[in-house]
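Please have the sequence and the model at hand while reading.

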Amino acid sequence: MNTISKIHLTEGNDLNHLYQESVELLSKLITIPSFSGDETHTADHIESFLNQHGVNTLRKHNNVWCYNKYMDAAKPTILLNSHHDTVKPNGQYSRDPFSPTIENEKLYGLGSNDAGGPLVSLIATFLYFFERKDLPFNLCLAATAEEETSGELGIRDILSEIKEIAFAIVGEPTCMQMAIAEKGSMVIDCVAKGRSGHAAREEGDNAIYHALKDIEWFKNHLFPIMDGEPQPVKMTVTEIKAGIQHNIVPGECSFTVDIRFDHNYTEREIVNTIINHTSCDFSLRPNVLKPSYIDILHPLVVAGISLGRKTYLSPTSSDQGWLDMPSIKMGPGNSARSHTADEFIGIEEIEEGIDIYISLLESLSF
């Protein structure tokens with residue numbers, strides 16, 4: 001499965017030991033429930049693990065971060081970030097989501113793929129470089145919380161406290177390809193108004209019918225873009241609610257729209273377009289995630305391409321949306337497995353992730 005040769009081992013940097021420790025760390029994290037907003041115990045364990053390796057850690061709420069041993073303020077700092085919170089397991093699990101099991105070289109358990117595999121691979125990468133005196137850069141490792149809910153006490157709560165970051169690697173399952181752009185996300189809650197009446201008579205003004213007109217627009221509207229380019233905005237109606245009784249014409253129909261957008265359109269431009277084309281009242285939920293983009297000629301991207309990594313636009317959002325510096329999203333695992341029953345990650349995927357992360361940093365040219 002590995003697409004690059006194994007990193008040359010040096011004394012004190014035994015990769016086989018790092019591989020083993022990474023799987024053991026992930027297995028332990030799987031046993032600890034860490035739903036978004038309730039990650040205290042996984043934060044405790046990550047902090048303890050790093051401390052046992054001689055790393056001095058900093059912590060705010062359930063975010064843990066640290067720096068390489070020979071930090072040099074004159075050098076640029078690279079952020080290595082991933083999250084340790086998870087969604088709740090869905091009802092289709094056939095395995096205990098908190099019981100790590102290895103079968104056929106796959107590690108099963110809640111959060112193994114999203115984003116435990118990327119997280120432990122970045123931790124291993126950080127430890128590989130931790131005591132190096134000759135690094136041309138600094139490393140800041142941040143294991144953060146509340147990513148799955150875009151919570152206020154996640155990574156954005158510590159961005160003002162960590163040292164200035166030149167660029168970042170955000171660990172999410174991407175099959176170790178490089179997401180050099182990521183769509184932002186916003187959610188609007190809509191209400192179509194009518195007038196209640198008796199369903200058996202020609203009374204009332206059915207709010208559902210008004211809502212259907214706007215829903216049809218959300219389904220079909222295309223935002224202008226150059227030929228051959230991917231659609232910059234995707235709007236999807238995901239929830240709808242109306243009516244209180246079968247024989248009453250509903251006077252109100254509410255629905256929710258999930259919106260994903262890239263750097264071609266701003267939040268304000270999208271909102272104005274909706275205002276001009278729909279009749280419903282709507283409100284924009286807080287915590288809008290902005291789209292991310294890094295130049296194809298950035299040293300981080302150039303280094304990745306030199307290692308055979310492909311670039312792509314990610315349709316999903318992550319903590320990358322809170323970052324104000326250039327970043328890529330990249331990690332072992334497959335996004336298609338995220339939030340699915342019987343989640344897993346391959347042992348070789350973790351090993352490959354560590355290898356490529358290390359090679360990527362060693363290939364950087366400033």
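**Basis of the report**

The model is predicted, so local features need pLDDT of at least 70 and side-chain atom pairs count only at pLDDT 80 or more, while totals for chains, interfaces and linings use all residues. Residues are numbered from 1 along each chain as its sequence is written, and side-chain values use heavy atoms, with hydrogens and water left out.

**The chain as a whole**

The chain contains 7 helices and 18 strands; helices (H or I, at least four residues) and strands (E, at least two) are DSSP runs, numbered from the N terminus. Its C-alpha trace spans about 85 × 45 × 40 Å along the principal axes. Of the 366 residues, 51% count as buried, where buried means under 20% relative accessible area, exposed over 50%, and partly exposed in between (1.4 Å probe, protein chains only). Among contacts in the chain with a separation of 6 or more, 80% join residues 24 or more positions apart; contact means heavy atoms within 4.5 Å.

An unreviewed UniProt entry carries the annotation "domain: Peptidase M20 dimerisation" for residues 180-277. Such annotations may be inferred rather than shown by experiment. This span is 26% helix and 38% strand, and its end C-alpha atoms lie 32 Å apart.

**Two helix pairs**

Two packed helices are described by the angle between their axes and the distance between the axes. Axes are lines fitted to C-alpha atoms, for helices over the stretch in contact, and angles run from 0 to 180 degrees between N-to-C directions.

Helix α1 (residues 15-30) packs against helix α7 (residues 347-362) at an angle of about 125°, with axes 10 Å apart. The angle therefore makes α1 oblique to α7; angles under 35 degrees count as roughly parallel, over 145 as roughly antiparallel, 65 to 115 as roughly perpendicular and the rest as oblique. Residues of α1 in this contact include L15, L18 and Y19, and those of α7 include I347, I350 and E351. The contact residues divide into 9 nonpolar, 1 polar and 2 charged. In this classification, Ala, Val, Leu, Ile, Met, Phe, Trp, Tyr, Cys and Pro count as nonpolar, Asp, Glu, Lys and Arg as charged, and the others, Gly among them, as polar.

Helix α2 (residues 40-52) and helix α3 (residues 112-129) pack at about 20°, with axes 12 Å apart. Because of this angle, α2 is roughly parallel to α3. Here I46, F49 and L50 of α2 meet L119, I123 and L127 of α3. By class, the contact has 6 nonpolar, no polar and no charged residues.

| Residue | Relative accessible area |
|---|---|
| S82 | 2% |
| I123 | 1% |
| I215 | 17% |

I123 is placed in helix α3. Leaving aside neighbours within four places in sequence, I123 is in contact with L25, I46, F49, L50 and L141. The C-alpha atoms of I123 and A142 are separated by 8.9 Å.

S82 belongs to strand β3 (residues 77-83). Not counting residues up to four places away in sequence, S82 touches several residues, among them A115, L119 and A142.

I215 lies in helix α4 (residues 207-220). With the same exclusion of residues up to four places away, I215 touches V237, I240 and F255. How far apart are the C-alpha atoms of I215 and S82, and what is the distance in Å? They are separated by 36 Å, at positions 133 residues apart along the chain.
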